Amino acid sequence: MRTQIQICDALPSTNDRLKDLAQWGAPEGTVIIAKEQTSGKGRLGRRWDSPRGGAWFSLLLRPPISVEQAGCIAILIAVSLARALREGWGMPVGVKWPNDLYVRGKKLGGVLIELSSRLDKIEWLVVGIGVNVNNALPTEARVPPTSLACELGRPVPLEEFFERALAAIAHDYERFLSEGFEFVRQRWQGLSVLPPRVLVRTGSGEIAAEVLGLSQSGKLVVRTGESVRELAAEEVTLCPP
Ligand code: BTN
């Protein structure tokens, strides 16, 4: 995949800009980077603080897969980013299903995927990535945040971050297209920071569950009581110790 990068000074949300471009036929590999976002979006309708100094960007993919398999891409992106951060800066990054990046119990970044489909096939998929690099951290965060600069004790050149992150994603995406999800699933097993037992929050309440692993389509496989379930987009809350 060849990337074509557009850098903007400030945007409401790189995902929203790239969704517009996707609808007009922009090619796979289009990347929008914003130095700052004024209405950054997180998962589950949350706000995403995006001041200057952070890595806020979106990547357009057109994978020949079904909507059912979109979870694979979410996991692939988180796993690729973790690899780039480990290899580039020796950062002990873990992945919290579905696609949050954690370092030493604090959230370093996250991924927001939005897609359009026709007859269950994906037409376009916008991968929005937010990583705290040199930016000021939110003061009122749901989970304690951290940044690359905080963890390393020095600022990190953003150009180097983008280069490493996009190279890792492009490489792993090509591999996924040619050989499938299994290599990602195996890497995920070594990176997951989910504890063996989690609380699954669904529309109807919270259920204690035992984590069994990851399915072939990127879903979290859990045991609740006697039954084994595969979770797609539900929120997984860590059990209190
Ligand atoms: C999350 O952990 O909730 C996901 C956060 C995703 C934030 C990124 S920043 C770039 C892109 N544009 C947005 O508005 N959101 C994503």
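Modeller: Ground rule before we start: helices (H or I, at least four residues) and strands (E, at least two) here are DSSP runs, numbered from the N terminus. This is a predicted model, where local features need pLDDT of at least 70 and side-chain atom pairs count only at pLDDT 80 or more, while totals for chains, interfaces and linings use all residues. Residues are numbered from 1 along each chain as its sequence is written, and side-chain values use heavy atoms, with hydrogens and water left out.

Biologist: Fine. Where does Leu108 sit?

Modeller: Leu108 is part of strand 6.

Biologist: Buried or exposed?

Modeller: Leu108 has a relative accessible area of 0%, so it counts as buried. For the cut-offs, buried means under 20% relative accessible area, exposed over 50%, and partly exposed in between (1.4 Å probe, protein chains only).

Biologist: What does Leu108 touch?

Modeller: Skipping residues up to four places away in sequence, Leu108 touches a list that includes Leu85, Val93, Tyr102, Val131 and Leu148. Contact means heavy atoms within 4.5 Å. Leu108 and Leu148 are 40 residues apart in sequence, and their C-alpha atoms are 7.4 Å apart in space.

Biologist: Switching to helix 2. What span should its 20 residues have?

Modeller: At 1.5 Å a residue they should span 28 Å, and the end C-alpha atoms of helix 2 are 29 Å apart, which agrees. The expected span is 1.5 Å times one less than the number of residues.

Biologist: At what angle does helix 2 pack on helix 4?

Modeller: The angle is about 135°, and the two axes are 8 Å apart. Helix 2 and helix 4 are therefore oblique to each other. Angles under 35 degrees count as roughly parallel, over 145 as roughly antiparallel, 65 to 115 as roughly perpendicular, and the rest as oblique. Axes are lines fitted to C-alpha atoms, for helices over the stretch in contact, and angles run from 0 to 180 degrees between N-to-C directions.

Biologist: And the crossing of helix 2 and helix 4, left-handed or right-handed?

Modeller: Helix 2 and helix 4 cross in a right-handed way. Right-handed means the near helix is turned clockwise from the far one by less than a right angle, left-handed anticlockwise. Helix 2 puts Leu76, Arg83 and Trp89 into the contact, among others, and helix 4 contributes residues including Phe161, Asp172 and Phe176.

Biologist: Which residues of helix 4 are buried?

Modeller: Among them are Phe161, Phe162, Ala165, Asp172, Tyr173 and Phe176. Helix 4 covers residues 158–179, and its first and last C-alpha atoms are 31 Å apart, close to the 32 Å expected. Just after helix 4, Gly180 has a positive phi of about 95°.

Biologist: How does helix 2 pack with helix 5?

Modeller: Helix 2 (residues 70–89) and helix 5 (residues 182–191) meet at about 60°, with axes 10 Å apart. That makes helix 2 oblique to helix 5. Their crossing is left-handed. On helix 2, Ile75, Leu76, Val79, Ala82, Arg83 and Arg86 make the contact, and on helix 5 Val184, Arg187, Trp188 and Leu191. By class, the contact of helix 2 with helix 5 has 7 nonpolar, no polar and 3 charged residues.

Biologist: Where's Arg185, and what's it in contact with?

Modeller: Arg185 is in helix 5, and at a relative accessible area of 18% it is buried. Leaving aside neighbours within four places in sequence, Arg185 is in contact with Leu214, Ser215 and Gln216.

Biologist: What about phi of Leu44 and of Leu119?

Modeller: Most residues other than glycine have a negative phi. Leu44 has a positive phi near 55°, and Leu119 has a positive phi near 50°. Leu44 is in the loop between strand 2 (30–37) and strand 3 (55–61), partly exposed at 48% relative accessibility. Leu119 is in the loop between strand 6 (106–118) and strand 7 (121–131), exposed at 82%.

Methods. Nonpolar A, V, L, I, M, F, W, Y, C, P; charged D, E, K, R; others polar.
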